[in-house]
Amino acid sequence: MLKDFTSPYDATVVKLLDEAGALIVGKTNMDEFGMGSYNIHSAFGPVMNPIGYSKQEKRSAGGSSGGSAASVAMNMCTAALGSDTGGSVRMPASYCGLVGFKPTYGRCSRHGLVAYANSLDTIGILTRNVQDCSKVYDIISHYDVQDPTSIPNELRHQLDDQQQTLISRLETQGNLKGLVVGVPQEFYVDSLSPQVLKVWRNGIQHMKDLGATIKSVSIPHISLALPAYYIIALAEASSNLSRYDGIRYGTCYRSSDIDQADHELLYEATRTNGFGHEVQRRILLGTHVLTAGTFETLFLPAQKARRLIQSEFNQVFSQPNLLDNDSTKHGEADVLLVPSATSTAPNLDKTSNAEIGVEEYIDDVMTLPANLAGIPAITVPFKEKSEDYPIGLQLLGQYGHDKFLLHVADQMARR
């Protein structure tokens, strides 16, 4: 793994923060290439959850952006950035008792972000409260010509007008009166711990107390999200990381013992020495997905499942998705309320490596649907007084409704 990499330029979001007067204090530890849910696949060792550390327990800080979450939780900084491909900002936020926000895909520039899966990667924000999160979002959510996936200004203005109507309605009525909160029954999965289920129910009641109307909604094919996500993400990772070949990238691992003209041996040495075990595993799986036989049987069905899930999200939200040609497909919910994780931060000392490997992939089940759909999602801490460790609840909004989602989250967090 590469430990001493220094970027030759600032990412657009870092540049925008610097120009706004923010003090950039440093880089944080993370799972290599963002591949992990517990922040244990790092060149620098695992990140320990500050809450567990104070109790002398080796608890996960969550991944992949566990270092960002730990730094905010320890008051080392006001806010931290991370990359969210399937929940890598929201899961650490849930484990560490923070606010974790994944904006709409394309709202914040990805120029300067090292790619894991291009169609899923999103810059995310970690803070201790929603107000700070909103301030950072306002600074970094601008169109960037250097990012081909950046939402153009014309569409941004249309989305802002659309969500401003919803914000004005709530501000007029006060609290969350008039807000319709959808609760997707398909998120009630067997792996949900009793603590998380209790917090979810209490969160629903809290929204009721604030004046919101609760509606049961359905996203029938959400069960396909987990396999579809990992098929797509690993396939894109295999393609993206092919650039680390010891010639264009990764030259620090080029061996002098290998004939530089023998590219196959050069590539093999670079990737064997330069990539950690988890990254190698995911690249191999992704390469398998892209082979001739499995491309038709795995990758294409996964893309169809993704489109189906996106369509079903559009059918539950009250506002139409401006990217969807069929604007008649919409329901009643303004936002959706679901858990951010299936449990509190896992105890790494009491979990075997085999169990960690399986649980890491499964624990993303609550967060990755938002990445597949490209919609905004925010984790808000909702720990009960009787609980030792934090649990986050997650709000999901329609495509482009980031400021509206932040407004609702701010109201929800005021307990």
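Helix α3 is followed by Asn75, a residue whose phi is positive, near 60°. The model described here is a predicted one.

**Helix α3 and the chain as a whole**

Of the 8 residues of α3, 7 are buried, so this helix is largely enclosed by the rest of the structure. The buried residues in question are Gly66, Gly67, Ser68, Ala69, Ala70, Ser71 and Val72.

Among contacts between residues at least 6 apart in sequence, 74% join residues at least 24 apart.

**The annotated positions Ser64 and Ser88**

The UniProt record, an unreviewed entry, places the feature "active site" at Ser64 and Ser88. These positions span 25 residues in sequence, yet no two of their C-alpha atoms are more than 4.8 Å apart, so they gather at one spot. From this set, Ser88 is part of the lining of the largest cavity.

Ser64 is located in the loop between α2 (50–54) and α3 (66–73). Its relative accessible area is 0%, and Ser64 is therefore buried. When neighbours within four places in sequence are left aside, Ser64 is in contact with Asn29, Met30, Asp31, Gly34, Met35, Gly36, Asn39, Ser83 and Ser88.

Ser88 belongs to the loop between β1 (79–84) and α4 (90–96). With a relative accessible area of 6%, Ser88 is likewise buried. Apart from neighbours within four places in sequence, the residues in contact with Ser88 are Gly34, Gly36, Gly63, Ser64, Ser65 and Ser83.

**Helix α6**

Helix α6 covers residues 153–173; at 1.5 Å a residue, its 21 residues should span 30 Å, and the end C-alpha atoms are 30 Å apart, which agrees. The helix is followed by Gly174, whose phi is positive, near 85°.

Which residues of α6 are buried? They are Leu155, Arg156, Leu159, Gln162, Gln163, Leu166, Ile167 and Leu170. These buried residues pack against α14, residues 402–413.

Gln162, which lies in α6, has a relative accessible area of 10% and is buried. Not counting residues up to four places away in sequence, Gln162 touches Gln319, Pro320, Leu322 and His401.

**Aromatic rings**

The structure holds 5 aromatic pairs. Two of them are set out below.

| Pair | Distance between ring centres | Angle between planes | Arrangement |
|---|---|---|---|
| Tyr229 and Tyr230 | 4.9 Å | 85° | edge-to-face |
| Phe295 and Phe299 | 5.1 Å | 25° | stacked |

Planes over 60 degrees apart count as edge-to-face and those under 30 degrees apart as stacked. The angle of 85° therefore makes the pair of Tyr229 and Tyr230 edge-to-face, and the angle of 25° makes the pair of Phe295 and Phe299 stacked.

Both Tyr229 and Tyr230 are buried. Phe295 and Phe299 are 4 residues apart in helix α11 (residues 292–316), so about one helical turn separates them. Are these two phenylalanines buried or partly exposed? Phe295 has a relative accessible area of 28% and is partly exposed, whereas Phe299, at 13%, counts as buried.

A charge also sits over a ring in this model: Arg59 lies over the face of Tyr389, at 4.1 Å from the ring centre.

**Ile222**

Ile222 is found in the loop between β5 (213–217) and α8 (225–240). Its relative accessible area is 10%, under the 20% cut-off, so Ile222 is buried. With neighbours within four places in sequence left aside, Ile222 is in contact with Glu186, Phe187, Ile309, Glu312, Phe313 and Pro369. The C-alpha atoms of Ile222 and Pro184 are separated by 9.5 Å, while the two residues are 38 residues apart along the chain.

Terms used. Residues are numbered from 1 along each chain as its sequence is written. This is a predicted model: local features need pLDDT of at least 70, side-chain atom pairs count only at pLDDT 80 or more; totals for chains, interfaces and linings use all residues. Side-chain values use heavy atoms; hydrogens and water are left out. Helices (H or I, at least four residues) and strands (E, at least two) are DSSP runs, numbered from the N terminus. The expected span of a helix is 1.5 Å times one less than its number of residues. Buried means under 20% relative accessible area, exposed over 50%, partly exposed in between (1.4 Å probe, protein chains only). Contact means heavy atoms within 4.5 Å. Rings of Phe, Tyr and Trp (its six-membered ring) pair if their centres lie within 6.5 Å; planes under 30 degrees apart count as stacked, over 60 as edge-to-face and the rest as tilted. A charge sits over a ring if NZ of Lys or CZ of Arg is within 6 Å of the ring centre and within 35 degrees of the ring normal. UniProt positions are given in the numbering used here, feature names are shortened, and annotations may be inferred rather than shown by experiment. On a 1 Å grid over the protein atoms alone, a cavity is a set of points where a 1.4 Å probe fits but cannot get out, and a pocket is an open set with protein on both sides within 12 Å along at least five of seven lines; lining residues have an atom within 4 Å of a point.
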